[in-house]
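Student: Can we go through this model together? I would like to start with the metal and then move on to pockets and salt bridges.

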Amino acid sequence: MTFHEAGIAGVDIDESIIDSVKGFLDKEEGMRLYELAAAVSAAAPCLEIGSYCGKSTLYLGAGCRKNGSVLFSIDHHRGSEEQQPGEEYFDPETYDMDAGGMNTLPFFRKTLALGNLEDTVIPIVSRSAVVAGKWATPLSLVFIDGGHSYESAFTDYCCWAGHVIPGGFLLIHDIFKNPEEGGQAPYDIYRLAAASGLFDERPMTKTLGVLHRRHPL
Ligand code: MG
């Protein structure tokens with residue numbers, strides 16, 4: 001069944017595939033990702049940091065595919081700090097005995113195949129800072145959803161926010177304005193971006209922060 005058949009018009013993603021993919025993305029947040037990618041990706045490629053098993057990739061990728069655009073999806077696939085063995089978000093199924101650590105790349109590749117996104121999504125298996133050091137392509141949308149330590153979030157912000165073209169979007173996941181509800185690193189970088197003068201704040205969808213890159217005066 002597609003979203004269209006399920007009553008969510010216009011999104012060519014099989015909802016049963018979305019439900020089958022591991023991840024931490026709410027469906028309303030996913031729909032916002034789809035809508036924003038569909039709105040701007042004709043102008044330039046999109047990029048996400050933190051692929052994990054590809055749940056957000058299904059939405060962003062579908063938005064890009066609609067315009068014949070592409071999505072770069074960066075992840076070292078070794079899991080972020082909070083996903084390691086013994087940590088709060090560890091999933092034993094993602095542990096690779098041969099590698100002696102987490103490996104989410106097989107899950108991600110399966111998601112791309114199921115979602116018919118292999119000609120739309122370009123996986124980059126690396127730390128985001130390593131990729132950023134060689135990056136020169138303007139981007140219409142950057143979605144930061146990588147590590148949740150301050151160091152990881154701040155690095156992702158510094159490395160990628162400057163590549164968003166005027167009229168494009170910088171999106172940040174897991175924003176909790178109340179510290180009792182979650183870690184503060186994503187909100188810290190959201191506030192840095194909002195205070196930079198380069199972005200306008202747009203309404204959030206649940207924990208998804210949306211910043212619109214201003215045009216030069
Ligand atoms: Mg997240």
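Student: Anything to know before we start?

Tutor: This is a predicted model, where local features need pLDDT of at least 70 and side-chain atom pairs count only at pLDDT 80 or more, while totals for chains, interfaces and linings use all residues. Residues are numbered from 1 along each chain as its sequence is written, and side-chain values use heavy atoms, with hydrogens and water left out.

Student: Which residues are the protein donors of the magnesium ion?

Tutor: Asp145 (OD), His173 (ND1) and Asp174 (OD), at 2.1 to 2.3 Å from the ion. Donors here are N, O and S atoms within 2.8 Å of the metal (3.2 Å for Na, K and Ca), and water is not among the atoms, so sites may look incomplete.

Student: What spacing do the donors follow along the chain?

Tutor: The spacing is D-x27-H-D. Asp145 sits in the loop between strand S6 (139-144) and helix H6 (150-160), and His173 in the loop between strand S7 (164-172) and helix H7 (185-195), so the pair ties together parts that are 28 residues apart in sequence. Helices (H or I, at least four residues) and strands (E, at least two) are DSSP runs, numbered from the N terminus.

Student: Are Asp145 and His173 buried or exposed?

Tutor: Both are buried. Buried means under 20% relative accessible area, exposed over 50%, and partly exposed in between (1.4 Å probe, protein chains only).

Student: Which residues lie nearest the centre of the largest pocket?

Tutor: Of the 45 lining residues, Ser80, Glu82, Gly146, Gly147 and His148 lie nearest the centre. Helix H3 (55-66), helix H5 (128-132) and H6 are the elements that give two or more residues to this lining, and H6 gives the most, with 4 residues.

Student: And how does the lining of the largest pocket divide by residue type?

Tutor: It has 10 nonpolar, 22 polar and 13 charged residues. Ala, Val, Leu, Ile, Met, Phe, Trp, Tyr, Cys and Pro count as nonpolar, Asp, Glu, Lys and Arg as charged, and the others, Gly among them, as polar.

Student: Which residues of H7 are buried?

Tutor: Ala185, Pro186, Tyr187, Ile189, Tyr190 and Ala193. What covers them includes S6, H6, S7, strand S8 (199-205) and strand S9 (208-213). After H7 comes Gly197, with a positive phi near 85°.

Student: Switching to salt bridges. How many are there?

Tutor: The count is 8, a salt bridge being a side-chain nitrogen of Lys or Arg within 4 Å of a carboxyl oxygen of Asp or Glu.

Student: Which residue does Lys22 pair with?

Tutor: Glu93, with the closest N and O atoms 2.7 Å apart. Lys22 lies in the loop between helix H1 (15-20) and helix H2 (27-40) and Glu93 in the loop between strand S2 (71-74) and strand S3 (95-96), so this bridge ties together parts 71 residues apart in sequence. Glu93 is exposed, at 56% relative accessibility.

Student: What about Lys206, which residue is its partner?

Tutor: Asp26, at 3.1 Å between the closest N and O atoms. Lys206 is in the loop between S8 and S9 and Asp26 in the loop between H1 and H2, 180 residues apart.

Note on methods:
1 Å grid on protein atoms, 1.4 Å probe; cavity = no way out; pocket = protein on both sides within 12 Å on 5 of 7 lines; lining within 4 Å. Contact = heavy atoms within 4.5 Å.
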